[in-house]
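Welcome! Have a look at the structure below, and then we will walk through some of its features together, topic by topic.

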Amino acid sequence: MSTVRKISLPNWQFKEASESAWKSATVPGCVHTDLLAHNEIPDPFVGKNELDIQWVDKKDWEYVSYFTLTELDMAEERLELIFEGLDTYADIYVNSKQVLLTDNMFRMWKVDIKSYVQEGENSLHVYFHSPIAHDLNKPNELGYNLPADNDHSKDGGVGEKKLSVFARKAPYHYGWDWGPRFVTSGIWRNVYIEAWSHVCMQDVFIEQSHVTKEIAKLKANVELEASFPQVVTISITDNNGFIHEERVQVKKGKQTIAIPFSIINPQLWWSNGLGEPYLYHFSIDLFHNETLKSSRKIKTGLRSIRFVRDHDQDGQSFHFELNGVPVFMKGANHIPNDSFLTRVEKEDYEHEIASAKTSHMNMLRVWGGGIYEPNVFYELCDEYGILVWQDFMFACSMYPGDKAFLDNVEQEAIDNVKRLRNYACIALWCGNNEMDSAWAEYVEDAGWGWKQRYNLAQRKSIWQAYDQLFHQLLPEVIRKYDTNTAYWPSSPLQDLTFDQGQHATFASLKKGDIHYWDVWHGQKPLKAYKENVGRFMSEYGFQSFPEESTVRKYAEEKDFTLESGVMLHHQKNGSGNRLIKTYMDMYYKEPKDFASFLHLSQILQANAIRSAVEAHRMEMPYCMGTLYWQMNDCWPVASWSSMDYYGRWKALQYEMKDRFKPTILIVDQQAEQVMCTVVSDLQQDQLANLTLQIVSCEGQNVLEEKVNIEIPKNASTKIHLLDLEDKKDRINNSVLVAKLEIDELIVDEVTHLFVEPKQMQLQDPNIHVEMIEDGIELSCDHFAMNVWMETEEEGYFSANNFHLVPGERKQIYFTDSHIQNQYFENKHIPRDIYVQSMYNFITF
């Protein structure tokens, strides 16, 4: 027999279990999207339709496919039915005989069906049990609810029962403080049959034992299964002409063969901003008697990545070292791109990750309340040079600790670690999101008040389950299956010695990673960001609404008030709309109408996160990472995202594109002094010129200073202090324009307001728009604050939400992001451009 063959399973149908009529289905897919395709439910994202389709998860659903096997197929020794993802509780039948029971959305399921099939037509039947009915009695059996504050059980019609913690499916399906409750069922990833005989490779791990620019010492760990003892040849080649072959004696059954090999003077993989994310294309081919029996293709980057937690004069470091270089991580937290996962296409992932790259990010955190993303997500991160902090799928809840649950999670972890470990982008495995800090086992008055809900016996049981899962089971899986990557049990975690047999304790900002939410949930002013900087800021955020065109996708004109039913329904953080208004009143004048309020909320959000990012980057190397919450949305909603559900950039995304540049200038005002700091992520020192101008809103030059400076590599450096004490009379209703110039190129420009935005005395700036080659040029007669450009075309400007001073001419380019593989490169002039500024959004 020849190499492994894949047999597809087409022509799916589905129905509600108690009905008789079958309808066409899309696989991969889910019940909700199939119902929507048949117009049996309304658009779940419009208005409050979410509440009207909660009946779907109370039903059982069936899917069926009829497939044909040939004489050649039946001659194979193995016919393995493979489900890459089943959501979630399913009974699998082949020709009416049960072959498999599943209970985990995140696992790959495989079963040999050779003895159940025949030449000719066969049937595959998948019966999905309602996840709600399946788990409804589990809280009663346990005797209490486990903490799961984001589980919208009331919206789902199950009262106070928190069921999400019992099902190994995406936690956000049960609702979150930015997402709706749609508890899906379906065949959500590929399903097929693999036909093979004699021997088959099941998996290959390219273990990177030692990687430098001189040599990469590698090991191909080839997992295979043989039906009898035999001698095989394993060949390893790459895209540069490398070849390595070994003859190996294999035994009957499953086994792993380790094949060491080396590459001299390898081309290293670098993260965005540091170099090329070069990828090797390895082909691992297995031959028996000179016949190709099985083949695996692995595309990966060669790099060394080290998670550094060394004791230092400030406490304990928390940073990542790539190819020996300490890297300041700049990026965001990523959530699933849709409530219905199979609607997310490669183009959607590429848009997000290309947006991250063009915004100068180098890391995304795959948050633990969503999913282990599909391979294409990590392939794109590899290609674009975006590192991934990968959570396991546990978030903001406490989970069961019975043997069946832990065994299920162990296999889930093994499946996903093995699937993802070859990607160069994987920088860290993290056990969970916020569970350690929420429970706070060792500090009685700390945490979210969870442990106080339970008696001592219950508390002990809940913590033992946590300890066993996150301090024992998961790190053991990592030690066994991914020697390249470090493990961190919970985010945030301030101090950790669990690997020495001790437990986590709470410390200050001097150790571990931090989730900082006192700005927003705690209603502290934006300046608090500067006063609360830790070693790695892995989560913090500030909300805004999406743009008006997005809001109109789910709301009508009559809903355009802050407290309307629809506007509140598309705000899953209970006090979110009120908090946006509260903060807006602190810093900005009253918006002139609701559409202006929507946009002003984006300006507010951008200003808030800018304050945080600058505070974090200024403290480099004490702080070595800033990941804001959040990059994207799973539906159109008011949230913390920097891109809305449709991928449209908010003002925040433009702000991050500016503030994440490799070399930036930060202007920080403290009372009567302004400190200028330069931050560089580059690996070489630079000479630069700093120009400071105080310009009136009418364009008069009040003051100008120029200094020559040195910019040290990979560092934050205070470079100039401007004293305002003797300039008070001259800076009234003026701004500071600071420019950083290197080799006659302005690498950064900051326009700093001396007062809060609402204190600025604005006039109509009279913005002029001129067409130039491939773009536009803007100028103004009076100071234009928060200039915002729009066009009816889908695309992105090279800059937006910026200040413009009289006398300045700013060139802007527009790119169409829908050109595949040319994101943000196809410059052209859009048909219609609308330019506004703060003057147009506020009342006077």
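Let's begin in a loop: aspartate 743 sits between β36 and β37. Please keep in mind that this is a predicted model. From that loop we move on to the strands beside it, then to a second sheet, a helix, the cavities, the cysteines and a few backbone details.

- Aspartate 743 is not a glycine, yet its phi is positive, at about 50 degrees.
- This aspartate is exposed, with a relative accessible area of 72%.
- Which order do the strands of the open sheet containing β36 and β37 follow? The four strands run β34-β33-β36-β37, and their pairing is antiparallel.
- The edges belong to β34 (701-711) and β37 (745-753); each has a single partner strand, so one side of each has no neighbour in the sheet.
- On average, neighbouring strands here are turned by 15 degrees against each other, ignoring direction.
- Eight bridges link strand β33 (residues 686-696) with strand β36 (residues 734-742), and this pair is antiparallel.
- To find one of these pairings on screen, look for asparagine 689, whose bridge partner in β36 is glutamate 741.

**A second open sheet**

- Another open sheet has four strands in the order β1-β10-β5-β8, again with antiparallel pairing.
- Here β1 (5-8) and β8 (109-112) are the edge strands; each has a single partner strand, so one side of each is left without a neighbour in the sheet.
- Neighbouring strands of this sheet are turned by 25 degrees against each other on average, with direction ignored.
- β1 and strand β10 (residues 191-196) run antiparallel and are joined by four bridges.
- Across from arginine 5 you will find alanine 195 in β10.
- Four bridges also connect strand β5 (residues 78-83) with β8, in the antiparallel sense.
- Leucine 81 has valine 111 in β8 as its bridge partner.
- In a regular strand, side chains alternate between the two faces of the sheet.

**An enclosed helix**

- Helix α16 (residues 651-659) is largely enclosed by the rest of the structure, because seven of its nine residues are buried.
- Among the buried residues of α16 are Leu652, Tyr654, Met656 and Arg659.

**Cavities**

- Rolling a probe the size of a water molecule over the atoms shows where empty space is left.
- How many cavities of 30 Å³ or more does the structure hold? There are four of them.
- The largest cavity has a volume of about 60 Å³.
- Residues lining the largest cavity include Cys30, Asp87, His173, Trp188 and Phe340.
- Sorted by class, the lining of this cavity has five nonpolar, five polar and one charged residues.

**Cysteines**

- A disulfide is a covalent bond between the sulfur atoms of two cysteines.
- The count of disulfides in this structure is zero.
- Cysteine 396 is in no disulfide, and the nearest cysteine sulfur, that of cysteine 430, is 12 Å away.
- Cysteine 396 is buried, with a relative accessible area of 4%.
- Cysteine 697 is in no disulfide either; the nearest cysteine sulfur belongs to cysteine 780 and is 9.7 Å away.
- Cysteine 697 is buried, with a relative accessible area of 4%.

**Backbone details and a loop**

- Most residues other than glycine have a negative phi, and most peptide bonds are trans.
- Asparagine 39 has a positive phi of about 55 degrees, although it is not a glycine.
- You can find asparagine 39 in the loop between α1 (31-37) and α2 (49-52), and it is exposed, with a relative accessible area of 69%.
- The peptide bond from methionine 620 to proline 621 is cis, with omega near 10 degrees.
- Proline 621 lies in the loop between α15 (594-618) and β30 (625-628).
- Tryptophan 629 and glutamine 630 are also joined by a cis peptide bond, with omega about 10 degrees.
- The loop between β30 and α16 is where glutamine 630 sits.
- Alanine 799 belongs to the loop between β41 (796-797) and β42 (802-804).
- Is alanine 799 buried, exposed or partly exposed? Alanine 799 is partly exposed, with a relative accessible area of 21%.

Conventions. Residues are numbered from 1 along each chain as its sequence is written. This is a predicted model: local features need pLDDT of at least 70, side-chain atom pairs count only at pLDDT 80 or more; totals for chains, interfaces and linings use all residues. Side-chain values use heavy atoms; hydrogens and water are left out. Two strands pair if DSSP finds at least two bridges between them. Helices (H or I, at least four residues) and strands (E, at least two) are DSSP runs, numbered from the N terminus. Axes are lines fitted to C-alpha atoms, for helices over the stretch in contact, and angles run from 0 to 180 degrees between N-to-C directions. Buried means under 20% relative accessible area, exposed over 50%, partly exposed in between (1.4 Å probe, protein chains only). On a 1 Å grid over the protein atoms alone, a cavity is a set of points where a 1.4 Å probe fits but cannot get out, and a pocket is an open set with protein on both sides within 12 Å along at least five of seven lines; lining residues have an atom within 4 Å of a point. Grid points are joined across faces, edges and corners, and a volume is the space filled by probe spheres set on the points. Ala, Val, Leu, Ile, Met, Phe, Trp, Tyr, Cys and Pro count as nonpolar, Asp, Glu, Lys and Arg as charged, and the others, Gly among them, as polar. A disulfide is a pair of cysteine sulfur atoms within 2.5 Å.
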